[in-house]
Amino acid sequence: MQENVLLQMRNIDKSFPGVHALNNVDFTLRKGEIHALMGENGAGKSTLIKVLTGVYQMEKGEIKVEGNKISIHSPQDAQNKGISTVYQEITLCPNLTVAENMFIGRDKKSFINSKARIKRANEILNKLGIPARGSQILGNCSLAIQQMVAIARAVDMNCKVLILDEPTSSLDDKEVNMLFSLMRDLKSRGVGIIFVTHFLEQVYEVSDRITVLRNGELVGEYLTEELPQVELVSKMIGKELEELSSLGESDEKQSAEGEVFYEAHGLSSSEALPFDFSIKKGEVNGFTGLLGSGRSESVRAIFGADKVGGGTVKIKGKKVSITKPVDAMRHGIGYLAEDRKRDGIIAELSVRENIILALQVMNGMFKPISRSEAEAFADEYIKVLNIKTASRETPVGSLSGGNQQKVILARWLLTHPDYLILDEPTRGIDVGTKLEIQKLVLKLAEEGVSVTFISSEIEEMLRTCSRLIVMRDRHIVGELKGKDLNQTQVMKTIAGGEA
Amino acid sequence: MSKAKLKVREPLTDTQLLMTITICIFIVMYGLAMLIFGGGFLRTQQIFDILNDNASLIIVSCGLTIVMIGGGIDISVGAVTSLVVMSCVMFYNRTGNMVLAALLAIGIGLAFGLIQGALISFLDIQPFIVTLAGMFFARGMTTILSVNPQKLPTETMDKLAGIKIEIPWLGYVANNGNVIPARMEIGVVVALLVVIAVFVLLQFGSLGRNFYAIGGNQTSALMLGINVKKTRFMSYVICGLLSGISGFVFMMHTGAGNATNAAGMEMNAIASSIIGGTLLTGGVGNVIGTFFGTLTLKTISKIVVTSGLNDPWWQSITTGGMLCFFILLQSIVLGRRAKKKK
């Protein structure tokens, strides 16, 4: 057992101003093992990984690889010592070939024999069963392939420890399976893999062992088969099981009987086919369907985010025209975009500035929000939504994913919308924050706000929505409510079996 | 199986696609000029004239292409060229040593490259600002050296003019029956050598590929173990060196130093690179494309002059038009590609 240990991190300590990010944490990785590193946002996962890859220097503790104590000064240094990382955002050059991406920066020769490189690359890709050619331009490959090329590079650099940081968050099911079989293959070659992810099912599918961190401290190391999923969740968020399951039951989601707030007939846009849709005051409904089924496109059409094609829209029974986002905002509609990095946050601006952004747009240029008012708003929502930030002036880019999401949510809540559209608000964020956001949605609905909710996790949708609109191939194929709201029924409708 | 895989033809890269477009447009344009204007355009000397007049522009454009592929910009190249011309002429007039003058040219170019490259790469200052300062500095220095034009002695000029490569079989038969050979100045040979050398560097050199890497994605390049700062530094050093060579070639062509020499050359060089398919955003480009970019730009000017629009602003207007046309074409072509990929 002991000689199997590949990597040992002991008593790791690391602090940042105001935060004790890692407190005496141990981590052990064995040869030929897939080890999931789990924890909420702010639990210290990223910090631990960054210490291991030389991005941060630890203050106390020691790292041993195969029994030898090492110190790591930079990511390059880590790579040379056999510790490679594949990040969520691909860190390869899209304008170069696959082969170049695998070998660039590694040998010190002045001139390159690109034919030999491509040949060697093809050999490695073949060996690992990665469906790519060395001569392809990387940017032309799918994200999954790009990730695998990054892995192939690491493997060819004789990495012993491979760190996969949220590798699956932008992959579809088929690609995830491809990645998993590659991971299992590497495992059988004796590589130790540290797998960081938010997807619980994936942890149970591939990992052998789980280490859980919470608030910078080690909760424990478990064999995956011995740790039920519910227990894992409770260890991660440190709440009792009952509290977790109570949320599932407490919401006797009554279908709101109130007036119809928003109504669309034959609404279409450059991206969405014509559809009918309505939502009542205080109702929570959702669009579901597979990726690419048109659910995001439909809600974007409601918000006027794409070029509107046609159709009529009524708000509180009155016909209105919504052709651009600011129209929608003036009518009390808020929209939380799917891709928060691209459509949502402005990373360089502070938490305060990001929060007041939408309100400022609605007020118009000539009614500026005073500094003190803005500060008050920011403080209020940081408290209400439990946003973990050093201060309201911290740039949003330095917050964790879940907290960034809360900032955007605060931005829209500040405008007191009547109707809020949340497109994948819980993607890539931890379980605890997910629950908080779900609770918030239900609370908003109680206060009379209509909410349309989109999530890839059907379970989450079932927990919050009283009505589900199911889409397939860009068409609405069904509407589920009441006792039809269960996993089987949703799956059946998505798949197209008779109801 | 792996053999079959190797035989798969890859689609053209963005770089290759943009370059091919430029070359095609150049050929079509030149062909049309031959049909419509005949005369000079039917003689090979026309191409050689364009090359003779623009050898230094080609050299400078090569340097700029390197910098732009790395995601930077250098607008000091024209001013440095001008400073080199003035310095070399005055130096030669004092010492009479052409070899030392050539070394001086290279030295000045390298000095600008080293200093600007260091400021940009190691102190992380915006390249536009640094090279703007470099531009003003070089122009100022040129004027300090001499406000009045400085000329090489007539006999040296004659000697320089004598170093020409004559190619009889590309010449034409004059009215009196004599064969007038096509003439190519030595500067053109230098320019072509530079194009080939830079091509080889960019295509097969580790350093060259690293330029593409830092221009494509700087963070990734860093993660891939490339010394980003050193690579960026080298792009400016090479660009500076080529500005020095360009100045010397310029001097051999005109034989005189003048404070207004090479005015606007940096903008012509940027235009040449862009027309040749180099993207300002970095990571895409090719020096062969740049070569044809310069030819395209200057052939258009020739055509404008031939059609009787002699006023200088017509050339500016057509240059502007060309640039717009190519940028539009590139964004349409690349945009459609990106859509297809989806």
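**Figure 1. Two domains of chain A in the predicted model.** The centres of domain 1 of chain A and domain 2 of chain A lie 33 Å apart, taken over C-alpha atoms. The model is predicted. Domain 1 of chain A covers residues 2-247. Domain 2 of chain A covers residues 258-495.

**Figure 2. The contact of chain A with chain B.** Chain A brings 24 residues to this contact, and chain B brings 24 residues. On the side of chain A, two or more residues each come from α2 (75-80) and α4 (114-128). The top contributor on that side is α2(A), with 3 residues. By residue class, the side of chain A that touches chain B holds 9 nonpolar, 11 polar and 4 charged residues.

**Figure 3. The mixed sheet of chain A.** This open sheet has 6 strands, and its pairing is mixed. The strand order is β16-β17-β18-β13-β19-β20 (chain A). At the edges stand β16 (333-336) and β20 (475-481) of chain A, each pairing on one side only. Neighbouring strands of the sheet are turned by 15° against each other on average, direction ignored.

Figure 4. Ile333(A) lies in strand β16 of chain A. With 25 other C-beta atoms within 10 Å, Ile333(A) is buried; the cut-off for a buried residue is 20 or more. Leaving aside neighbours within four places in sequence, the contacts of Ile333(A) are Phe303(A), Ala328(A), Pro417(A), Tyr419(A) and Ile421(A). Leu420(A) is 87 residues from Ile333(A) in sequence, yet their C-alpha atoms are 5.7 Å apart.

**Figure 5. The antiparallel sheet of chain A.** Here 4 strands form an open sheet in the order β12-β11-β14-β15 (chain A), with antiparallel pairing. The edge strands β12 (275-280) and β15 (318-320) of chain A each pair on one side only. The twist from one strand to the next averages 20°. Strand β11 (residues 260-269) of chain A and β12(A) run antiparallel, with 5 bridges between them. In this pair, Leu267(A) has Phe275(A) of β12(A) as its bridge partner. Helix α10(A) lies across β11, β12 and β14 (308-315) of chain A. It runs at about 110° to β11(A).

**Figure 6. Helix α4 of chain B.** Helix α4(B) spans residues 77-95, 19 residues in total. From first C-alpha to last, α4(B) reaches 26 Å, close to the 27 Å expected at 1.5 Å a residue. Of its 19 residues, 14 are buried, so α4(B) is largely enclosed by the rest of the structure. Gly96(B) follows the helix, with a positive phi near 70°.

**Figure 7. Helix α12 of chain B.** Helix α12(B) covers residues 265-275 and is mostly covered, with 10 of its 11 residues buried. Among them are Met265(B), Ala269(B), Ile270(B), Ile274(B) and Ile275(B). Glu266(B), Asn268(B), Ser272(B) and Ser273(B) are buried too. After α12(B) comes Gly277(B), with a positive phi near 100°.

**Figure 8. A hairpin in chain B.** Strands β2(B) and β3(B) form a hairpin, with 5 residues between them. The strands, β2 (residues 164-173) and β3 (residues 179-185) of chain B, pair in the antiparallel sense over 6 bridges. Tyr172(B) stands opposite Ile180(B) in β3(B). In the turn, Gly177(B) has a positive phi of about 90°.

Methods
Residues are numbered from 1 along each chain as its sequence is written. Chains are lettered from A and ligands numbered from 1 in the order in which they are written. This is a predicted model: local features need pLDDT of at least 70, side-chain atom pairs count only at pLDDT 80 or more; totals for chains, interfaces and linings use all residues. Domain bounds come from an automatic or database domain assignment. Two residues are in contact if their C-beta atoms, placed from the backbone, lie within 7 Å. Ala, Val, Leu, Ile, Met, Phe, Trp, Tyr, Cys and Pro count as nonpolar, Asp, Glu, Lys and Arg as charged, and the others, Gly among them, as polar. A residue is buried if 20 or more other C-beta atoms lie within 10 Å of its own, exposed if 12 or fewer, and partly exposed in between; C-beta atoms are placed from the backbone. Two strands pair if DSSP finds at least two bridges between them. Axes are lines fitted to C-alpha atoms, for helices over the stretch in contact, and angles run from 0 to 180 degrees between N-to-C directions. The expected span of a helix is 1.5 Å times one less than its number of residues.
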